[in-house]
Amino acid sequence: MNYEEDIDIASEVDLVVSAYPVQDDGLDEELLAADQTTQQYQEVQIPEVVKNFIVFFHRNILENNVYELHSIYEHSFNKLTEKFYAKESWPEPEAISPLVNDDQVFLTLYRELYYRHIYSRLTPTIEHRFHSYENYCDLFNYILNSEGPVALELPNQWLWDIIDEFIYQFQSFCNYRNRIKNKTDEELAFLRDNSQIWSCYSVLNVLYSLIQKSRITEQLLVSKNGGDMQEAAGEYGSRPLYKMLGYFSIVGLLRVHCLLGDFTLALKMMDNIELNKKQACHHAFSHILTFINRTKQYHTRSYQHDQINKKGDQMYALLTMCVTLCPTRLDENIHSQLREKYAEQSNKLTKPEEALQVFEELFLFACPKFISPNGPNLDDPEVMNLTPFEPVQHYTKIFLAEVRHSILLPTLRSYLKLYTTMGNAKLASFLEIDPEQLRTLLMMSKIRSRQTKWVSGTLLEGEYQGTSDLDFCLKEDMIHIAESKVGRRYGDWFLRNINKFQDILGGLELTTKA
Amino acid sequence: MVRVSNTPSSRPEVIQSLIDGVDRYNPDNVSILEEYLAAQCSNKECDAMANLAILKLYQFNPHLTNDQVVNNILVKALTTLPEPDFNLCLYLLNEQMVTEEPVVRLVALQDLIEQACFADFWKVYEGDDIYKELTAEVLGFEDLIRNNFANAIAMTFQSIELESLQAYLNLKGQALTDFIKTREWTEANGVVAIPVNKDNEAKTTVLTENIKFEQLTKIIGHSNDA
């Protein structure tokens with residue numbers, strides 16, 4: 001049975017559908033009682049096609065039909081959303097409960113979509129936030145604490161989205177909690193009485209439990225070092241649901257730790273994930289951007305398209321800052337894209353008088369939406385009068401304090417490039433600073449041109465190496481400068497094309513044989 | 001030289017398993033980590049990873065926060081600059097702590113060190129007794145800082161006037177002569193010569209392509225097929 005056809009038929013009953021009164025959920029006034037009262041008149045409002053969809057959806061969940069679920073999740077749900085629920089929430093879970101024989105597992109999964117839809121299309125109320133949290137607890141409880149592994153199977157995309165959304169809602173809640181100025185007394189009381197909801201500890205607990213249950217760390221070690229995968233994975237981890245949730249939770253932890261400002265711990269999380277470990281962040285960004293660039297055409301119709309583009313832009317912004325702080329050669333394509341998007345900013349970053357402001361703009365645009373782990377102290381009667389702690393500003397301040405020292409370096413570099421030897425006093429006069437200041441500037445530049453580079457071992461280990469193609473030394477007051485040149489690289493290009501050619505040849509031979 | 005800045009060889013087993021696992025979130029363990037910090041303060045070692053774990057516990061459980069411990073962690077982090085430890089610590093402190101007097105003072109010192117304003121650093125440091133009080137519990141603070149400065153100087157200079165060196169290291173007379181000797185630098189006519197090392201030699205190099213055998217395996221495989 002194909003639901004997309006059904007939707008087309010449904011367009012004919014459009015009139016009937018639009019005649020439904022727009023559901024004005026009383027949730028805002030009546031906090032919890034609303035759930036029960038809305039139930040009766042909900043049932044009549046569900047369009048037939050949606051009813052059928054839910055029954056079909058439920059059947060496929062029962063049958064663990066991952067293939068069909070994938071298309072339900074990626075296509076049908078979104079199409080129906082566009083059609084019926086673009087501006088209102090999906091039917092209350094209680095309203096669809098009779099359609100699915102009150103199947104609690106299905107209802108939990110449905111609620112996951114239901115609340116996610118509210119978060120993305122509408123403005124979640126405090127009740128939505130709390131109920132969604134409770135629903136996630138139910139879901140993870142079912143997965144983690146049933147007797148033995150559960151038989152459920154879901155498409156990988158959905159599993160990823162569950163972890164992703166769980167963290168997004170946590171982040172959104174922290175920011176919401178932080179803004180106490182325009183909250184009603186009821187909302188404040190709610191927050192005060194339920195401090196464990198969306199707490200850091202509970203969120204970390206879920207992610208760590210998924211990692212432990214799936215034995216994903218052990219599995220990754222086996223795939224790296226060899227060994228018995230079956231034994232490493234165990235009863236839970238050998239099932240795709242657990243394995244993927246565990247894997248995605250590692251990435252989830254990376255994100256949570258970043259949001260909380262613990263960048264060391266964030267990196268440590270990735271120890272067992274096979275990354276293409278290269279020097280510094282430039283290369284990671286370049287790599288991903290090349291990927292985005294090359295796959296762009298395939299994404300244009302996907303609903304994730306906008307998000308990928310946004311992330312891409314943010315990465316270009318970060319990359320712009322990276323190459324300013326630590327000049328390196330970039331991939332030709334990436335470089336031209338960068339110039340296209342951030343030429344003006346790039347240019348300004350090298351000018352001492354404008355650099356800081358641009359650094360701030362780019363950082364604010366591209367940084368994660370940092371969160372405060374605890375929120376304001378609601379028991380403190382003075383709290384309403386204090387300016388709330390804004391984590392983003394706090395992090396921006398520290399970041400800017402760090403880059404502030406570097407703003408003269410691009411100018412210094414541009415002068416050094418012109419000479420092989422040069423007197424300290426002469427360069428100081430070019431830069432309009434005094435010779436002693438120049439010396440400290442040179443020492444700082446020297447220190448900053450070295451960084452820890454990953455060679456082997458865990459992600460947090462490395463060797464101290466130079467990064468700059470420009471090096472210098474001081475003999476008393478004379479600066480000696482040397483520039484490294486990079487010869488052209490042909491090998492990679494030829495290797496790629498030889499392989500491509502071989503593939504074509506191989507393909508031709510196959511067709512002639514056939 | 002392989003530098004493994006994040007795991008000192010002296011890190012005890014208990015600490016290792018604590019920071020590797022979920023136990024790092026257990027508030028009951030804060031005292032173990034605090035004792036370990038005290039040990040680092042007296043034996044001149046620094047384990048940034050373990051110290052960040054203390055700040056993490058404080059971040060989640062603000063009522064546990066011990067200002068003296070935070071202070072010592074930051075002072076320790078000053079001694080490892082230009083490693084990023086100091087800023088990594090700052091990111092874990094809440095805004096209130098960052099605006100308090102001791103932290104502001106230490107940030108001021110960090111600022112000078114990061115900008116390689118070594119002479120100014122000593123002027124500020126010696127100019128107010130409060131700095132010696134703040135760093136009192138970290139044994140050998142001045143020596144550790146001086147060594148880091150000397151490293152930066154050795155990276156940049158092949159020769160430097162004795163007078164500048166004196167200001168950068170805050171050493172005079174015999175103490176300075178001794179320091180120069182332990183570093184295996186040589187002094188003549190008021191100029192100190194620093195032996196060439198891989199950082200202070202500024203050599204022009206041309207990086208040429210280097211194709212590894214592994215890159216060619218696929219192509220060699222093809223030639224076998226034919």
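In the predicted model, 26% of the 514 residues of chain A count as buried, and the secondary structure of this chain comprises 24 helices and six strands. Among contacts in chain A between residues at least 6 apart in sequence, 68% join residues at least 24 apart. A:Met269, placed in helix α15 of chain A, is one of the buried residues, with 22 other C-beta atoms within 10 Å. Once neighbours within four places in sequence are left aside, the contacts of A:Met269 are A:Ile250, A:Leu253, A:Leu254 and A:His257. The C-alpha atom of A:Met269 is separated by 40 Å from that of A:Ile96, the two residues being 173 residues apart along the chain.

The contact between the two chains takes 48 residues from chain A and 49 residues from chain B. On the side of chain A that touches chain B, helix α23 (residues 435-448) gives the most, with six residues, and the residues of this side divide by class into 25 nonpolar, twelve polar and eleven charged. Strands of the two chains also pair: strand β4 (residues 470-475) of chain A runs parallel to strand β2 (residues 157-161) of chain B, and two bridges join them. Within β2(B), the residue that stands opposite A:Lys475 is B:Ser159.

Chain B is divided into domain 1 (1-156) and domain 2 (158-226), whose C-alpha centres lie 28 Å apart. Ten residues from domain 1 and ten residues from domain 2 take part in the contact between these domains of chain B. On the side of domain 1 that touches domain 2, α8 and α10 of chain B each supply at least two residues, and the largest share, seven residues, comes from α10(B). By class, this side of domain 1 has eight nonpolar, one polar and one charged residues.

Helix α11 (residues 162-169) of chain B has as its buried residues B:Leu165, B:Tyr168 and B:Leu169. Viewed down the axis of α11(B), these buried residues fall within an arc of 85°, so they line one face of the helix. An α-helix has 3.6 residues a turn, so residues three or four places apart point the same way. The elements that cover the buried residues of α11(B) include α8 (118-127), α10 (141-156), β2, α12 (173-182) and β4 (191-193), which belong to chain B. Just after α11(B), B:Asn170 takes a positive phi of about 55°.

Helix α5 (residues 85-92) of chain B is mostly covered, with seven of its eight residues buried; these are B:Asp85, B:Phe86, B:Leu88, B:Cys89, B:Leu90, B:Tyr91 and B:Leu92. The cover over the buried residues of α5(B) draws on both chains, including α15 (263-269) and α20 (391-404) of chain A together with α3, α4 (67-78), α6 (95-98) and α7 (101-114) of chain B.

Not counting residues up to four places away in sequence, B:Ile73 touches B:Leu37, B:Asn51, B:Ile54, B:Leu55 and B:Cys89. In soluble globular proteins, nonpolar side chains tend to be buried together.

Most residues other than glycine have a negative phi. Because 13 other C-beta atoms lie within 10 Å, A:Asn64 is partly exposed. With 8 C-beta neighbours inside 10 Å, where 12 or fewer is the criterion, B:Glu184 counts as exposed.

How values were computed: Residues are numbered from 1 along each chain as its sequence is written. Chains are lettered from A and ligands numbered from 1 in the order in which they are written. This is a predicted model: local features need pLDDT of at least 70, side-chain atom pairs count only at pLDDT 80 or more; totals for chains, interfaces and linings use all residues. Two residues are in contact if their C-beta atoms, placed from the backbone, lie within 7 Å. Helices (H or I, at least four residues) and strands (E, at least two) are DSSP runs, numbered from the N terminus. Ala, Val, Leu, Ile, Met, Phe, Trp, Tyr, Cys and Pro count as nonpolar, Asp, Glu, Lys and Arg as charged, and the others, Gly among them, as polar. Two strands pair if DSSP finds at least two bridges between them. A residue is buried if 20 or more other C-beta atoms lie within 10 Å of its own, exposed if 12 or fewer, and partly exposed in between; C-beta atoms are placed from the backbone. The arc is that of the directions from the helix axis to the C-beta atoms. Domain bounds come from an automatic or database domain assignment.
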